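I opened this notebook to record what I looked up in one structure. The entries run from the overall fold to single residues.

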Amino acid sequence: MANFTTMNGFLLMGFSAKPELEILCASLFLVSYLVALTGNILIITATSMDDSLYSPMYFFLKHLSFLDLCYISVTVPRYICNSFMHNGNISLWECILQCFAFTLCGCAEMAMLTVMSYDRYVAICLPLHYEIIMNFNTCIHGILAVWISGVISGVMHTAATFSIHFCGTKIIHQFFCDVPQILKLSCSNEYVSELGVIVFLSLVAFLCFICIGLSYMHIFCTVLQIPSAEGRAKAFSTCVPHLSVVILFISTGVFAFLKPHSDSPTALDFLLSVFYTVLPPTLNPMIYSLRNKAMKTALRKVFKRRKAYFFC
């Protein structure tokens, strides 16, 4: 931490050195951000206002939407502003805060997806015991575990990253303070302790993925026993997109952190960062709500109330 007073900050390079391409990328990010913002706010509003959605599934979905809002807001708005203002400077403490918030939200989202997969497992495989298992205390403890795991991961990751000394130009070849890119600026092999934290968090993410995979294996086995072909198709059409987003989120994030670091940035680095920072918060509202009849009904009620209020 002694190097805090000797550093002025970093320079975020973004996606392109050409202003025209950078503005185009920022515009695409702005569209994605507005889509994510609108979708997640609608989910939070609907699950808070509609009494028919007061169940563990929608309780967790509301918190997932809040996490998605925080997760995408940590990086994307800053990048959009930097691109339009042609200024990629970010102070040391802003970078530290961004790194902490990004890690917190990312790890908390991973934990939330694990909790939600367990909720779906109980609902589909143990329907008679659902209300007993997924009671109010279980839901609260699940949310507390999600946020506590996120905070602990954020503190560990940020402390290990910024305890190293940095040499040379403080240029980050990414659109946000990405830890793998920050580690390239270390003076020597001081980042060994940080690599230990990354490996530990990757193992935790892998365990979460195993838990999610086991939950969905049991779900699919139960669904295959449904006599109705229409019922099986409906269940699969709901579960498969959920699992696809989980695989995309975990695989790209873990690969970005564990792959060998190169001295010069590659298109793969930028593409992976988009996959685990922008796509999940944008796609989750579509997958978890727009395909759900109860959610569609609740959203119609919200719009009708807003319309009636506006004309009154």
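**Entry 1: fold.** I counted 11 helices and 3 strands in the protein. I took both as DSSP runs numbered from the N terminus, with helices being H or I of at least four residues and strands being E of at least two. Along the sequence I read the pattern β-α-α-β-α-α-α-β-α-α-α-α-α-α.

**Entry 2: basis.** I note that the model is predicted: local features need pLDDT of at least 70, side-chain atom pairs count only at pLDDT 80 or more, and totals for chains, interfaces and linings use all residues. Residues are numbered from 1 along each chain as its sequence is written, and side-chain values use heavy atoms, with hydrogens and water left out.

Entry 3: Buried means under 20% relative accessible area, exposed means over 50%, and partly exposed lies in between (1.4 Å probe, protein chains only). The protein exposes about 15600 Å², of which carbon and sulfur atoms supply 72%; such areas come from the Shrake-Rupley method with a 1.4 Å probe, and for residues only the protein chains shown count as cover. Among contacts (heavy atoms within 4.5 Å) with a separation of 6 or more, I noted that 77% join residues 24 or more positions apart.

**Entry 4: cysteines.** I asked which cysteines form a disulfide. Cys95 and Cys177 do, with their sulfur atoms 2.1 Å apart; the criterion is a pair of cysteine sulfur atoms within 2.5 Å. Cys95 lies in helix H3 (residues 92–125) and Cys177 in the loop between strand S3 (171–172) and helix H6 (179–183), so the pair ties together parts that are 82 residues apart in sequence. The link of Cys95 and Cys177 is left-handed, with -135° about the S-S bond. I recorded Cys95 as buried at a relative accessible area of 0% and Cys177 as buried at 2%. Cys125 is in no disulfide, and the nearest cysteine sulfur, that of Cys221, is 8.2 Å away.

**Entry 5: Ser215.** I located Ser215 in helix H7 (residues 192–224). Is Ser215 buried or exposed? Ser215 counts as buried, at 10% relative accessibility. I saw that its side chain reaches the backbone oxygen of Cys211 at 2.9 Å. Setting aside neighbours within four places in sequence, I listed Ser117, Tyr118 and Tyr121 as residues in contact with Ser215.

Technical notes: Polar contact = N/O pair within 3.5 Å; in protein donor to acceptor, adjacent residues only side chain to side chain.
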